[in-house]
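Here are my notes on this one, point by point. Have the model open while you read.

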Amino acid sequence: MMFVVMIDDENVLFAVDTLSERVLNLEPVWRQIAKDLMELEAQIFVTQGSVIGKPWAPLSPKTIRQKQRKNLPLEPLVRTGRLRASLTDESSSEMALEIEPLGLTFGSARETENRQWFLAPIHHFGAPRRNIPARALMPDSQQLAERFRDRWQDYFFNYLSEEGRF
């Protein structure tokens, strides 16, 4: 005994085609997630890491004196504002943001003045030999999942549903 099941209803076929197209191009969802990441980065800078439970080390007295002499902001990780912009401002040429149909790359492409290193990893992980303390610029993946899991799942479900629009 054998059954043959075929879908020949035009509405069902249209829905399957629409869903297939959406699954192959999730760019609208990635754009929403990138916005969330930029907003989180802005909060990290404003709270100096506290929002992710990793408060930044204060500036050393030497660094404070240097910044005062040069009339620079007394905030950690802010000299020109370019590092912060590379993580919070999509128009920054130093933001690493690549949105593809099936993935997202996000981060900072801000280099050091001599272009030998990228600033974000140096500050995120620290450089003890250079007296640079670690100041977290991004939560770990578990913290990201805890913070955004439900929200990001909603983005995907809403986008893939018939009424989902961004």
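1. Strand S1 (residues 95-100) and strand S2 (residues 103-108) run antiparallel and share six bridges, with two residues between them in the hairpin. Pairing here needs at least two DSSP bridges between the strands.

2. Some housekeeping: this is a predicted model, where local features need pLDDT of at least 70, side-chain atom pairs count only at pLDDT 80 or more, and totals for chains, interfaces and linings use all residues. Numbering starts from 1 along each chain as its sequence is written, and side-chain values use heavy atoms, with hydrogens and water left out.

3. Overall, the protein chain has six helices and two strands, in the order α-α-α-α-β-β-α-α from the N terminus. Helices (H or I, at least four residues) and strands (E, at least two) are DSSP runs, numbered from the N terminus. Of its 166 residues, 33% count as buried; buried is under 20% relative accessible area, exposed over 50%, and partly exposed in between (1.4 Å probe, protein chains only).

4. The whole structure holds seven salt bridges, each a side-chain nitrogen of Lys or Arg within 4 Å of a carboxyl oxygen of Asp or Glu. One of them joins arginine 151 and aspartate 36 at 3.2 Å, N to O. Arginine 151 sits in helix H6 and aspartate 36 in helix H2, so this pair ties together parts 115 residues apart in sequence. Look at the burial too: aspartate 36 is buried at 3%, while arginine 151 is partly exposed at 41%.

5. Next, glutamate 94 and arginine 110 meet in a salt bridge (3.7 Å, N to O). Glutamate 94 is in the loop between H4 and S1, arginine 110 in the loop between S2 and H5, 16 residues apart. Both count as buried, glutamate 94 at 14% and arginine 110 at 6%.

6. Which non-glycine residues have a positive phi? Among them are asparagine 71, near 55 degrees, and asparagine 131, about 60 degrees. Asparagine 71 lies in the loop between H3 and H4 and is exposed at 72%. Asparagine 131 lies in the loop between helix H5 (119-125) and helix H6 (141-160), and is exposed at 71%.
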